[in-house]
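Reader: I am new to this structure and would like to go through it by question and answer. Please show it to me before we start.

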Amino acid sequence: MTSGDPSPARGRAPDAAAATPGPTQDGSSGAAGRGRGPGGSAGFRGAGAGTAGGTRGPGFRPPGVLWGIRGAALLLGLGCFGGTLWAGLADREIALAFGGLVAVGELSRRTGTETREAAPLAAAGGLAYALLGADGGAATHDGAFQVVTVVCAASLLGSVPHIADGRRPTLDRLARRVLTVGFAAVCFQPLYSRGVLEQWGGPAYALLVVALLVLTALCDAVLAAAQAHSRTGWPFGPLLRDELRGLLGIGSAVCATGAVMALAVAVVGLWALPVFCLPLLLTQLSLRRYAAVRATYRQTIASLARATEIAGYTPAGHARRVATLSQAVGRDLGLSGAELTVLEYAALMHDIGQLSLVDPVPAGATAALPPAEQRRIALLGGAVVRQTGVHAAVAVVVERQADPYREQPLAARIVRVVNAYEEKTRDSGPGGPLTALEELRLATAGDYAPEVVESLARVLSRDCLTLRAAG
């Protein structure tokens, strides 16, 4: 099951001073960055990664959908806790074993900014307990109420250190886990306790487990996308698409491990838990190393993007501001996680071609140059990017940012519009953002893509930045 953060590309736009690791998507990370132009012009807050960050207006409050998910999880948890108290705790050794597994998995969850399931061991343990029918050949009598209660209590216990550190997205992930585990347990446990599965036989039992895993994973993806949409205002469709795409990675590993653990415990008993946890622990370790590599990669690109600032070709923070706002516009236009990563890297490096100029462009304002000169600088920048070893798609965006917009890929259109907006508002007065938007709208006939300009206006309006600048 996924964590609700966008894909690995759903990362923060790296700051020029300190870049942080990136998919994302709700579960664990995200931050909104704010930049100001040198002339005191209004800055902007852009989308961060992960579903925890994003474009938010002043006085932001989580919308009703987010509170609805939290409230449903709370009511389910309290109801199951009351039902467990009424009926009593059955099979205490099993409850303790699975509760300990979930708590340890939550304690060991990744605390960085990775964008997929941050606690795969806890998620797999909860699923295994929900689908548990027997222990070493002996029937269990845990029931759906007890499953939800144990998973909820163990998750809260393991999350205490993270909640104490102020990681609020933890609560949303716990709410989603309670709902998904509750869904799986309510579908499976009544059928098993009534003996229906024994009548169906082995193949039907396996097919039912697989079907429940698929439905549970889809439920988790929908909840994760809804949480991210409610927090950030980004389009629901692309968020859901990224969550579903994430199911092919760590999500499928979590589901498969949960099913295997439940079936193994049914045959050999609780000793199967540590054996089948080992592959998932190794996978989690590999993901941590992969995240560290991505963080280093992003920091390298951010440092390379600062070269134009250090050399005096562009104002300080210009590349970061363009990258941050470009990501927000890209999300508004429905780009996927991988496309957002390409957009972010290209926006960070969009001015690197100026390093090849003998005479710097005043204030690095390339938007006011003749089209031929803009294309020459863009081609020089693309050549530099290709030599750095960055993905070729990034170089393509940098090379084509000065082409006629009808011939550009969407990422290049976004970089061109946002760069022009940032340059136009850099040294302007209080009305600069509104004036810049008006100039961009007037130039949509030939220079700037109309849909990107309108998306930029929506992003700025959503964050009340045009109003704040005008006032």
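Author: One definition is needed at the start: buried means under 20% relative accessible area, exposed means over 50%, and partly exposed covers what is in between. The model is predicted.

Reader: Is Gly79 buried, partly exposed or exposed?
Author: Gly79 is found in helix 1, which covers residues 64-87. Its relative accessibility is 41%. Because that value falls between the cut-offs of 20% and 50%, Gly79 counts as partly exposed.

Reader: How far apart in space are Gly79 and Val148?
Author: In sequence, 69 residues separate Gly79 from Val148. In space, C-alpha to C-alpha, the distance between Gly79 and Val148 is 9.5 Å.

Reader: Which class does Thr84 fall in, buried or exposed?
Author: Thr84 also has its place in helix 1. Its relative accessibility is 11%. Since this is under 20%, Thr84 counts as buried.

Reader: Which residues does Thr84 touch, not counting those up to four places away in sequence?
Author: A contact here means heavy atoms within 4.5 Å. With residues up to four places away left out, Thr84 touches Leu89, Phe145, Gln146 and Thr149.

Reader: Which element of the protein has the highest mean pLDDT?
Author: The protein has a mean pLDDT of 76, and 79% of its residues reach 70 or more. Among its elements, strand 2 (residues 44-45) has the lowest mean, 34. The highest mean, 90, belongs to helix 1.

Reader: Over which residues does pLDDT stay under 50, with 269 contacts beyond four places in sequence?
Author: Two stretches can be named here. Residues 465-471 have pLDDT below 50, and that stretch has 17 contacts in the model beyond near neighbours in sequence. The stretch with 269 contacts beyond four places in sequence, where pLDDT stays under 50, is residues 2-61.

Reader: How many residues of helix 3 are buried?
Author: For the protein, 55% of the 471 residues count as buried. Helix 3, residues 120-130, is mostly covered. Its buried residues include Pro120, Leu121, Gly125 and Tyr129. Of the eleven residues in helix 3, the number buried is eleven.

Reader: Is His162 buried or exposed?
Author: His162 lies in helix 4, residues 143-164. Arg109 is 53 residues from His162 in sequence and 9.4 Å from it in space, C-alpha to C-alpha. The relative accessibility of His162 is 5%, so His162 counts as buried.

Reader: How many disulfides does a search of the whole structure find?
Author: Cys187 is partly exposed, with a relative accessible area of 28%. Cys277, at 5%, is buried. Over the whole structure, the number of disulfides found is zero.

How values were computed
Residues numbered from 1 in each chain as written. Predicted model: local features only at pLDDT ≥ 70, side-chain atom pairs only at ≥ 80, totals over all residues. Heavy atoms only, no water. Buried < 20%, exposed > 50% of the residue type's maximum accessible area, 1.4 Å probe, protein only. Helix = DSSP H or I, 4+ residues; strand = E, 2+ residues; numbered from the N terminus. pLDDT = per-residue confidence, 0-100. Disulfide = S-S within 2.5 Å.
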